[in-house]
Amino acid sequence: MKKITRPLLAFSMLLIIGVLPLGAQATELKYDHRVAGDRSLTIQLGPLFPMAFQSFSGSFAPTNLSLGGTLGIDLDFYLNDTVRLGGGLRGKATSSPNSATLFMVPITFRATWELKVYPFSFPMGMGAGFSFTNFRTETSFDPMLMPTIGAYWNMSSSWSFGLDASQWIVFQPFYSKPEDGRIAYFTDLTLGAIYHF
Amino acid sequence: MNLRNLLTVFAVWLLLASCTSGTEGIFASIEREQKIVDAGNLSNTSTITHMAEFNGRYYAAGGGALFHRATGTSSWDSTSSLNGTGNRKYVAVGKTTTHLFVLVNEGATATNKVFSSSDASTWTDITPAGFIPVSLVPIRNRDGITSDQLVVTASDFRNVFLISGGSVGSAVDLVTGGGNEITAAAKSGTDYYLVNESRIYHLPNFGSVSVVDTSAFSSLGHGYRGLIILSGTSMDGVYLSTNRGSIVKGTVADIVDNTWTTATILEPAARVGNDTVAFDQFLYQGISGSESLWVGTTFANGSEGYGYGSISTGGVVTKNPPAGTNSNNYTSSKLNSYTTPLLFMGGAAPNGTYFLGTAAHGLWSWDPVNKSWSPQ
């Protein structure tokens, strides 16, 4: 139980950090680029924390991986002024004990709901998709989930800046050797810039 | 969408999306990975095919240099010239009770020569007149570890020379050369046995050839590589390895007259079709509780390696990982994908220092407590 709570606790703390306001804004903006039919382009950059591996039988183990980094880009379409749908592409790299690099490139489809508290917005979303995973000579194609929560300061009708925290949940069953199947948990904390157009 | 439909979609998504190459799960292999600690200063890209222990130092032939270090230290030095003249390629190193020998390739003339030294400092060219040596191989004693004599093969693949003490003997004509150098040699009493790719030679007193075997294991496709004759162990017998995936186990009586009536063929259980492990040289590992016969691998089917294998006292062959090896260390080190032409033990048996020489991945030493390997 202790092993389960540790990654969840760390993730929760990151979420708390993520909703801290970055600053205040004195002037009310016209949110003319956040209505149905508008789009948003998000660029994210930040550290990625390997949290745990879990076997499909339930046991947790340390990942053996170092602190990594991630870079991402999302393109979303507003269905109305608080809900948007879209997709994202990420890339991350982290190292094993013998300095071999684990590369992951997730492609996810995402639904995001925004809580708006002028002049801030707090997007909360759920992504689902696939990750291309490469380590040494091995490559896999894994399903994954990516819940995200963030806090943004809307500087203008076109630009928002803030933080996101995402939990990567990557499922990697290994059918020819079931005991090698794992669910991997990574948490990223990224600085983000959103361009609304 | 009700819960059942949602779970169905999730299951289909999991099934269709998951696709992994390789023999183990990526995350699982990372979880099991162990830090490989470099135990010495030797290059981890060197190829080490021959070693010798002489006058309290280890010597390793590593291409452009002869590496050496005191047995009680971890810091390697290197020698690139003999008597201070000319750079050479060090093809092999071996020793007798009184001298150290190296087979070198002279850079200027691209000609091989054999040098000997009683102090590893002053070297004498002892190349047999009229011959070009192409291999220098230790003649293994029946403990499966030590050697105090060497055999040199000439470039005609017919003439061989016995090295004892500080001198090289007269040429012995094998008559049928087979087109390959001698790769392994063992002796039992005064009977010497030499192996090349397609033949096993029996030379009583290293005089003339009494028996040449070319057919006993022709069904295996020949490809002989290693030979060892064990006595005084719990796995006594004659072991012959092939680069076609098989190990032949027989008795001394089998090899004396090459009848091989009691011989059995040992193969890894997982061998399937062309999954052929190119076995190479043997080393008896007699550490209490983990007694086994190790067998290295040579190149075959391109440049891919096969690590090394282990033969138990019951004759079971295992590889990747060999039985008695820390599997996490073994796979983390990637030894399972290296070619291992050298197995060597220095110090006093059975608890001496064990080495594993690889092709292009350096020299590794064995930790018998953790059953793990570290690069030198």
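Reader: How many cavities of 30 Å³ or more does the structure hold, and what makes a space a cavity?

Author: In this predicted model, three cavities reach 30 Å³ or more. A space is called a cavity because a 1.4 Å probe fits there but cannot get out. The largest cavity contains about 120 Å³ of space, and among the 15 residues of its lining, those closest to the centre are Gln44(A), Asp74(A), Arg84(A), Thr148(A) and Asp164(A).

Reader: How do you know which residues line the largest cavity, and which strands supply them?

Author: A residue counts as lining if it has an atom within 4 Å of a point of the cavity. Strands S1, S3, S4, S5, S6 and S7 of chain A each supply at least two such residues, and the largest share, three residues, comes from S6(A). Sorted by class, the lining has six charged, five polar and four nonpolar residues.

Reader: What makes S29 and S30 of chain B a pair of strands?

Author: Two strands pair if at least two bridges are found between them; S29 (residues 353-357) and S30 (residues 363-367) of chain B have three bridges, in the antiparallel sense, and therefore count as a pair. Within this pair, Gly357(B) stands opposite Leu363(B) of S30(B).

Reader: Why are S28 and S31 of chain B said to stand at the edges?

Author: The open sheet has four strands in the order S28-S29-S30-S31 of chain B, paired antiparallel. S28 (342-346) and S31 (372-375) of chain B each have a single partner strand, so one side of each is left without a neighbour in the sheet. From one strand to the next, the twist averages 30 degrees.

Technical notes:
Residues are numbered from 1 along each chain as its sequence is written. Chains are lettered from A and ligands numbered from 1 in the order in which they are written. This is a predicted model: local features need pLDDT of at least 70, side-chain atom pairs count only at pLDDT 80 or more; totals for chains, interfaces and linings use all residues. Side-chain values use heavy atoms; hydrogens and water are left out. On a 1 Å grid over the protein atoms alone, a cavity is a set of points where a 1.4 Å probe fits but cannot get out, and a pocket is an open set with protein on both sides within 12 Å along at least five of seven lines; lining residues have an atom within 4 Å of a point. Grid points are joined across faces, edges and corners, and a volume is the space filled by probe spheres set on the points. Ala, Val, Leu, Ile, Met, Phe, Trp, Tyr, Cys and Pro count as nonpolar, Asp, Glu, Lys and Arg as charged, and the others, Gly among them, as polar. Axes are lines fitted to C-alpha atoms, for helices over the stretch in contact, and angles run from 0 to 180 degrees between N-to-C directions.
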